[in-house]
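Good morning, colleagues. May I ask you to look at the structure on the screen while I take you through its packing, its interfaces and the confidence behind it.

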Amino acid sequence: MGGQAKGSTPFAQKHLLGLADYSAADILYVLDQAKMFREVLDRPVPKIPTLRDKTIVNLFYENSTRTRLSFELAQKRMGADVVNFSAGTSSTKKGESLKDTIRNISSMKIDMVVSRHESPGVPHFLTRCVDATIINAGDGAHEHPTQALLDMFTMRQLAPDLRGKRVVMIGDIAHSRVVRSNIIGLRKVGAEVMVCGPKSLMPLDVRSLGVEVSFDLEEALGWCDFAMALRIQMERMNGGTDLFPSLREYHELFGIKMAHLERYPDFTVMHPGPVNRGVELESDVADSDRAVILNQVTNGVAVRMAVMYLLSGGLRTG
Amino acid sequence: MTLKTEPRKTPSLLLKNCKPIGGIYTGNEQSDLRIRDGKIAEVGSGLAPAPDELVHDAGGHFVSPGWMDMHVHFREPGQEHKETIHTGCRSAAFGGFTEVACMPNTTPPIHTRDVVEYIRNVASGEPVAVHPIGCVTKERKGRSLAEMADMKKGGAVAFSDDGDPVYDPAVMRTALEYSSMLDRPVINHEEDLALSRPGHMHEGSISTKLGLEGTPSIAEEVMIARDLLLAELTGGHIHVAHISTRNAVQMVREAKAKGIRVTTEVCPHHFDLTHEEIEKRGFDTNVKMHPPLRTQDDVDAMIEGLRDGTIDAICTDHAPHSIEEKEVEFIYAPNGIIGLETAWSISVMRLLEPGHLTLPQLLEKFIRAPREILRLPVPALEVGAEANLTLFSTDETWTYTEAVIRSKSRNSPYIGQTMRGRATGIYHRGIWVLNEL
């Protein structure tokens with residue numbers, strides 16, 4: 001792998017806390033590296049033991065089957081030793097603080113921590129607790145940088161240069177870490193971003209994120225090259241205050257339907273999964289050749305391999 | 001920390017080279033101040049030490065009537081791992097405060113006369129007078145009124161369910177009616193919980209960026225609007241606790257102009273820091289408090305409110321939490337910071353040095369205003385009066401470190417910061433406390 005790397009510049013980042021800390025050059029570098037790992041995945045033996053001397057803990061305080069599987073597969077494809085720590089409940093309920101937990105785990109000589117937690121800022125907190133490299137696999141509604149990287153990777157398979165490309169993200173903008181990381185990343189590489197959804201699912205000052213805002217799906221789909229529908233979190237519907245009236249009305253207003261694909265023939269459908277069929281997307285839309293949802297999943301493994309490779313000092317040791 | 005000089009009974013003290021400010025004294029002239037039997041005995045230049053006197057060279061620092069913080073949380077009884085009345089008083093003395101009013105969200109809450117008297121008894125030997133604020137409602141639950149008159153007899157100076165608002169408007173109406181009969185304010189923690197929960201920081205551009213649930217300014221403003229209307233209706237005195245938004249200041253300004261009995265207070269962090277700190281400091285929970293740090297525009301409005309008198313007092317909302325409670329995930333961390341030890345320095349740097357307030361104007365916020373709100377006597381700086389004094393500088397440069405902290409807790413965003421202006425000692429109840437670094 002190291003022999004194929006361009007030059008010998010070490011990757012300057014130690015962690016991946018969020019795309020907010022990465023420059024456009026960092027992002028594009030990760031995405032370029034990921035191409036090579038994507039090719040590896042198509043080989044008969046899709047393994048490349050570049051992390052065989054590394055020990056990684058997946059620290060998941062929130063349920064996330066697919067992100068954890070994707071990271072774990074990426075780790076195993078690269079020969080890392082992997083341990084999984086899952087806790088359904090918060091640290092405060094569990095009796096041991098997160099700080100104690102991570103310091104205990106770290107004492108077992110861990111090189112890298114992949115963290116998923118409901119609280120924004122947990123990856124930042126972890127950097128103050130231990131020396132290991134921290135990768136954010138989702139911190140509340142803050143960032144989910146590897147998701148945004150895999151989304152951008154998937155877009156670049158269709159549009160190698162994202163400058164000037166238009167991406168609309170549709171749905172629950174306020175509570176989505178996928179949105180935040182994508183907005184940050186896409187804007188850094190020169191794409192234009194619009195958010196679209198019910199006003200009650202938009203954060204205050206949403207325009208301060210540097211995005212266009214629309215409450216009209218037709219307008220958004222007519223404008224964009226890529227339309228990313230976001231999963232509607234069902235808990236938003238029974239947490240006491242409903243933020244929109246019904247799934248039925250949501251689908252009426254913001255669900256992408258086959259008729260849209262006919263009316264606007266140029267845009268590509270994306271979704272970070274898991275899809276609520278009949279809510280964000282009409283079922284046929286999810287299965288149509290305009291959707292690249294399964295490509296996103298495959299690409300996720302390659303992008304995570306690239307991230308872990310670079311952060312483990314891959315270029316220097318490779 | 002171990003104090004080099006423990007506070008001690010010092011009935012007779014000669015402060016050499018101090019600049020008295022307050023009463024007839026302007027702070028422009030350096031002189032000596034003699035205390036005999038706990039009373040101010042003599043002010044003049046070149047006073048000779050008597051044989052039984054402790055002499056302290058004040059090095060040209062000011063001496064004013066003792067300061068008061070009308071909003072602290074001393075955690076005793078019930079949460080002594082965060083702070084006790086003793087450590088709280090130690091912290092207050094280090095900040096230059098000779099009197100404080102403590103909020104009743106203890107366990108049990110200060111909701112009956114016996115708890116009021118318990119606090120006063122525990123604090124009776126301290127150099128800092130601790131005035132309990134009683135609960136508005138029994139158990140601090142917001143439903144039925146606590147025995148306010150009885151608590152007043154026991155020494156309660158005001159009523160509040162602070163930590164939580166008095167949420168039910170009918171309860172608030174009754175509380176204002178009843179407390180007006182007792183000539184004591186109701187202090188409300190202004191927060192409409194339906195609008196604010198589950199907020200973890202100010203709702204705005206930074207909460208949007210960080211994905212943290214926001215506490216909107218209107219959660220504070222809606223509650224203040226309600227309380228101002230109820231105060232107008234009842235003639236009761238509403239004291240708006242820890243004000244933090246521009247609209248809130250404007251509403252109080254207009255209410256005062258209409259003659260509504262309203263007063264308010266602001267914490268130093270609300271005229272110093274903004275919500276941007278949460279991003280800058282990588283989700284440091286020492287910038288998580290309620291009300292949250294807001295915008296620069298709100299900070300500017302706090303300063304305007306202090307300048308034109310809309311905001312009467314400076315308070316700290318001193319809220320100690322232990323390290324294990326604060327060193328957790330941002331959304332699980334409790335709100336609040338300790339503030340007694342840094343209030344003066346922040347006020348000097350943010351209000352005095354930029355010229356927003358003169359020194360006498362700033363001292364009003366620390367001396368007269370809180371006591372008038374709570375109907376307490378304002379200590380006099382005059383010969384014959386009980387010596388209730390704060391010794392302070394406005395230009396000494398020092399660094400606030402963990403090593404100097406007197407509070408039992410260390411949850412301050414100011415640790416490591418260079419400060420200007422310091423309270424160098426207090427004298428109260430015949431006890432001299434020299435604040436050494």
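Let us begin with Ile243(B). Which residues does Ile243(B) touch, once those up to four places away in sequence are set aside? The list runs Glu220(B), Ala248(B), Val249(B), Val252(B), Thr264(B), Glu265(B), Val266(B), His270(B), Met302(B) and Ile311(B).

Ile243(B) belongs to the largest nonpolar core, a set of 95 residues. Within that core, the residues touching the most other members are Ile243(B) itself together with Trp67(B), Val100(B), Val130(B), Phe271(B), Trp344(B) and Phe366(B). Helix 12 of chain B, residues 343–352, makes the largest contribution, with 7 residues. As general background, nonpolar side chains in soluble globular proteins tend to be buried together.

Is Glu353(B) buried, exposed or partly exposed? Its relative accessibility is 38%, so Glu353(B) counts as partly exposed, the class between under 20% and over 50%. Neighbours within four places in sequence aside, Glu353(B) contacts Val348(B), Thr394(B) and Arg420(B). From Glu139(B), Glu353(B) is 214 residues away in sequence and 44 Å away in space, C-alpha to C-alpha.

I turn now to the two chains together. In the contact between them, 19 residues of chain B meet 24 residues of chain A. The two chains bury about 1,700 Å² between them, and 57% of that is on carbon and sulfur atoms. Lys99(A) and Glu327(B) form a salt bridge through their side chains, at 2.5 Å from N to O.

The contact involves 29 residues from domain 1 and 25 residues from domain 2 of chain A. Between them, these domains bury about 2,100 Å², 63% of it on carbon and sulfur atoms. Across this interface there are 2 salt bridges. Elsewhere in my notes on chain A is the side-chain salt bridge of Glu62(A) with Arg177(A), at 3.1 Å from N to O.

Finally, confidence. The model scores ipTM 0.90 and pTM 0.94. Chain B averages a pLDDT of 97, with 99% of the residues scoring at least 70. For chain A the mean pLDDT is 91, and 91% of its residues reach 70 or more. Residues 1–7 of chain A have a pLDDT below 50, and this stretch has 11 contacts in the model beyond near neighbours in sequence. Where pLDDT is low, the predicted coordinates should not be read in detail. Thank you for your attention.

How values were computed:
Residues numbered from 1 in each chain as written. Chains lettered and ligands numbered in written order. Predicted model: local features only at pLDDT ≥ 70, side-chain atom pairs only at ≥ 80, totals over all residues. Heavy atoms only, no water. Core = buried A, V, L, I, M, F, W, Y, C linked by side-chain atoms within 4.5 Å. Buried < 20%, exposed > 50% of the residue type's maximum accessible area, 1.4 Å probe, protein only. Helix = DSSP H or I, 4+ residues; strand = E, 2+ residues; numbered from the N terminus. Contact = heavy atoms within 4.5 Å. pLDDT = per-residue confidence, 0-100. Buried area = accessible area lost by both parts, 1.4 Å probe. Salt bridge = Lys/Arg side-chain N within 4 Å of Asp/Glu carboxyl O.
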